[in-house]
Amino acid sequence: MTADAQDPDTPDPATASPARSEEHRKAGRIEGWSIAWMILAMVVWGWFLFLMLADYGPEYGSRPECRGPLVGPLSEDRSCRDALREWPALLGILALAVIATVVAAATTVYAKVLSRLAGREWTDPRPQD
């Protein structure tokens, strides 16, 4: 094999189309968006878990009076009424977390498909005479 012979599996960079680099840029841009959506989903899930697990309210002694909705029984005390700790608000935050997670997963899959399609060699489907 000679030094100037090229591996048949690698495309020649001189004959590579400029559209291919555009496809790679688009795949990279979508991958950036998928990372942003993943970070947003993790932040919303963290917020939801904090609201469900953390104690809150006025402190008596060394710990807050009110327990998180998932940790302990709900207190009927007026000082424990927090709008974000009520179930309608918690379910809304849960819905936001699920939506952000689904969008993150969809954009990740789309970015992977685009990057694979960008690296693929396309052949002309028409028969050559």
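Predicted model: local features only at pLDDT ≥ 70, side-chain atom pairs only at ≥ 80, totals over all residues.
A nonpolar patch on the surface is formed by Ile35, Met38, Ile39, Met42 and Val43, which together have about 470 Å² of accessible area.

The protein chain as a whole contains two helices and two strands. Along the sequence, these elements follow the pattern α-β-β-α. Of the 129 residues in the protein chain, 21% are buried.

Salt bridges were considered next, and the count comes to three. In one of them, the side chains of arginine 25 and glutamate 22 meet, with a distance of 2.6 Å from N to O. Arginine 25 and glutamate 22 are three residues apart in helix H1, which means that about one helical turn separates them. Both partners are partly exposed: arginine 25 has a relative accessibility of 48%, and glutamate 22 has a relative accessible area of 38%.

Another salt bridge joins aspartate 55 and arginine 67, whose closest N and O atoms are 3.4 Å apart. Aspartate 55 lies in the loop between H1 and strand S1 (56–60), whereas arginine 67 lies in the loop between S2 and H2; the pair therefore ties together parts that are 12 residues apart in sequence. Aspartate 55 is partly exposed, with a relative accessible area of 29%. Arginine 67 also counts as partly exposed, at 31% relative accessibility.

The loop between strand S2 (63–66) and helix H2 (87–118) also holds valine 71. With a relative accessible area of 38%, valine 71 is partly exposed. The C-alpha atom of valine 71 is separated by 7.5 Å from that of methionine 52, although the two residues are 19 residues apart along the chain.

A further salt bridge is formed by arginine 85 and aspartate 82, with 3.7 Å between the closest N and O atoms. Arginine 85 counts as buried because its relative accessibility is 7%, and buried means under 20%. Aspartate 82, at 30% relative accessibility, counts as partly exposed.

The largest pocket has a volume of about 180 Å³. The lining of this pocket consists of Tyr56, Cys66, Arg67, Pro73, Leu74, Ser75, Glu76, Cys80, Arg81, Arg85, Glu86 and Trp87. By class, six of the lining residues are nonpolar, one is polar and five are charged. The lining includes Arg67 and Arg85, which also take part in salt bridges, Arg67 with aspartate 55 and Arg85 with aspartate 82.

Technical notes:
Residues numbered from 1 in each chain as written. Heavy atoms only, no water. 1 Å grid on protein atoms, 1.4 Å probe; cavity = no way out; pocket = protein on both sides within 12 Å on 5 of 7 lines; lining within 4 Å. Points joined across faces, edges and corners; volume = space filled by probe spheres on them. Nonpolar A, V, L, I, M, F, W, Y, C, P; charged D, E, K, R; others polar. Patch = residues over 30% accessible without salt bridge, like charges linked within 9 Å, V, L, I, M, F, W, Y side chains within 5 Å. Areas by Shrake-Rupley, 256 points an atom, 1.4 Å probe, with all protein chains shown as cover. Salt bridge = Lys/Arg side-chain N within 4 Å of Asp/Glu carboxyl O. Helix = DSSP H or I, 4+ residues; strand = E, 2+ residues; numbered from the N terminus. Buried < 20%, exposed > 50% of the residue type's maximum accessible area, 1.4 Å probe, protein only.
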